[in-house]
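Subject: Structure handover

Hello,

Here is the structure we spoke about, with the sequence alongside. My notes on what turned up in it follow below.

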Amino acid sequence: MSSQKTALITGVNGMDGSHLADFLLNKGYVVYGMERRSSVKNRINTKHLESNDNFHFVIGDMSDSESLRNIVYLSHPDEVYNLAAQSFVGSSWAIPLETSDTNGLGVLRLLNAVKQYQEHNDKVVKFYQASTSEMFGLMEKGGSSANEQTVFLPRSPYGIAKLYAYWMVRNYRESYGLFACNGILFNHESERRGIEFVTRKISDAVARIHLGMQDKLLLGNLEVWRDWGYAPDYVEGMWLMLQQDTPSDYVLATNEAYSLEQFLDCAFKVVGLDWRDYVEQDERYMRPAEVPYLRGNYGLANDKLGWKPKTSFEELVEIMVNNDINLLRKD
């Protein structure tokens with residue numbers, strides 16, 4: 001019997017999913033990546049995987065239990081990484097039902113599919129759930145950083161749906177003995193981040209302003225602080241959680257928080273500009289309930305997994321800006 005491991009990744013076309021696929025393929029895995037059926041494929045981040053013999057796209061949907069069962073039985077996974085989600089916090093107020101169904105009930109559907117497969121095949125399947133720092137919600141600026149014991153106070157439909165999924169994962173672990181882990185990841189970005197997210201919106205605007213293609217950048221609340229890391233560092237943490245003998249939940253973070261103004265300052269400095277000359281605030285981008293400050297403590301992940309972030313805040317911002325400049329120059 002082959003010792004080669006197989007992994008199923010939901011949400012493979014997203015930022016985290018594509019980085020995780022690259023990571024696992026480099027580890028020698030066979031990888032199945034779930035994508036939703038659409039008339040136009042969204043493979044900007046995964047186009048390079050189409051020619052890889054160890055990678056396979058499969059069609060599925062977090063709202064369709066039958067499709068989830070089908071792809072679990074098709075892929076025969078050793079590890080399942082659930083990264084599929086309605087991932088934009090800002091949109092969760094506009095589409096709270098879809099957000100709740102995908103990010104909450106969708107996780108329950110996938111857990112059931114994995115549980116049934118494991119029972120029928122007498123095989124241990126390790127399950128990773130992409131939890132989020134948005135579950136913490138209100139934190140005191142400059143106060144203690146959040147760890148695995150910190151109280152949750154979500155402030156958005158997105159955070160609430162993710163909290164439901166978090167507790168379902170713990171329930172299935174404790175009730176059925178499923179090897180299931182919650183990765184409570186604080187903000188992490190990369191050059192593959194979607195353009196609707198504020199960090200990529202900034203890096204793209206800086207590139208356009210630098211190349212004379214744009215004059216201004218419109219943003220909402222600038223008084224937000226986040227614990228920002230680099231996505232490729234974080235997908236390694238996901239993998240490490242499933243390599244342990246016993247399942248648990250882990251915070252992945254950098255232990256540092258930076259303001260959006262500091263992100264702007266760092267991004268514009270890459271091209272030698274002052275952000276104050278180009279940025280304007282716009283009420284349209286304000287959220288109904290803001291989470292002003294988030295900072296995490298990765299101490300447990302460091303102690304138990306040997307994990308720590310490798311890429312600094314400044315390096316992350318520079319990578320994103322330079323990548324967008326190169327993309328625009330190619331276009």
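Leucine 8 sits opposite tyrosine 32 of strand β2. Please keep in mind that the model is a predicted one.

Strands β1 and β2 run parallel and are joined by 5 bridges. On the β3 side, β2 and β3 also pair in the parallel sense, over 5 bridges. Glycine 33 stands opposite phenylalanine 57 in β3.

The sheet as a whole is open and has 7 strands, in the order β3-β2-β1-β4-β5-β6-β11, with parallel pairing. At its edges are β3 and β11 (250–252), each of which pairs on one side only. From one strand to the next, the twist averages 20 degrees. Helix α3 packs on the sheet and touches β1, β4 (79–82) and β5. The direction of α3 makes about 170 degrees with that of β5.

How many of the residues of β2 are buried? The count is 6 of the 6, so β2 is largely enclosed by the rest of the structure. In general, side chains in a regular strand alternate between the two faces of the sheet. In β2, both faces are covered. Val30, Tyr32 and Met34 are buried on one side, and Val31, Gly33 and Glu35 are buried on the other.

Next, helix α2, which spans residues 65–75. Its buried residues are Ser67, Leu68, Ile71, Val72 and Ser75. Viewed down the axis of α2, these buried residues fall within an arc of 135 degrees, so they line one face of the helix. What do the buried residues of α2 pack against? Their partners are β1 (6–10), β2 (30–35), β3 (55–59) and α3 (96–121).

Both ends of α2 have something to note. Following α2 is histidine 76, which has a positive phi, near 45 degrees.

Two serines are also worth a look. Serine 145 lies in the loop between β5 (126–132) and α4 (157–176). Is serine 145 buried or exposed? Its relative accessibility is 16%, so serine 145 counts as buried, the cut-off being under 20%. Apart from neighbours within four places in sequence, serine 145 is in contact with Met139, Thr150, Arg295, Gly296 and Asn297.

Serine 259 is placed in strand β12 (residues 258–259). With a relative accessibility of 7%, serine 259 counts as buried. Setting aside neighbours within four places in sequence, the contacts of serine 259 are Val224, Trp225 and Trp228.

Last, the cysteines. A search of the whole structure finds 0 disulfides. Cysteine 181 is buried, with a relative accessible area of 0%. Cysteine 266 also counts as buried, at 16% relative accessibility.

Regards

Conventions: Residues are numbered from 1 along each chain as its sequence is written. This is a predicted model: local features need pLDDT of at least 70, side-chain atom pairs count only at pLDDT 80 or more; totals for chains, interfaces and linings use all residues. Side-chain values use heavy atoms; hydrogens and water are left out. A disulfide is a pair of cysteine sulfur atoms within 2.5 Å. Buried means under 20% relative accessible area, exposed over 50%, partly exposed in between (1.4 Å probe, protein chains only). Helices (H or I, at least four residues) and strands (E, at least two) are DSSP runs, numbered from the N terminus. Contact means heavy atoms within 4.5 Å. The arc is that of the directions from the helix axis to the C-beta atoms. Two strands pair if DSSP finds at least two bridges between them. Axes are lines fitted to C-alpha atoms, for helices over the stretch in contact, and angles run from 0 to 180 degrees between N-to-C directions.
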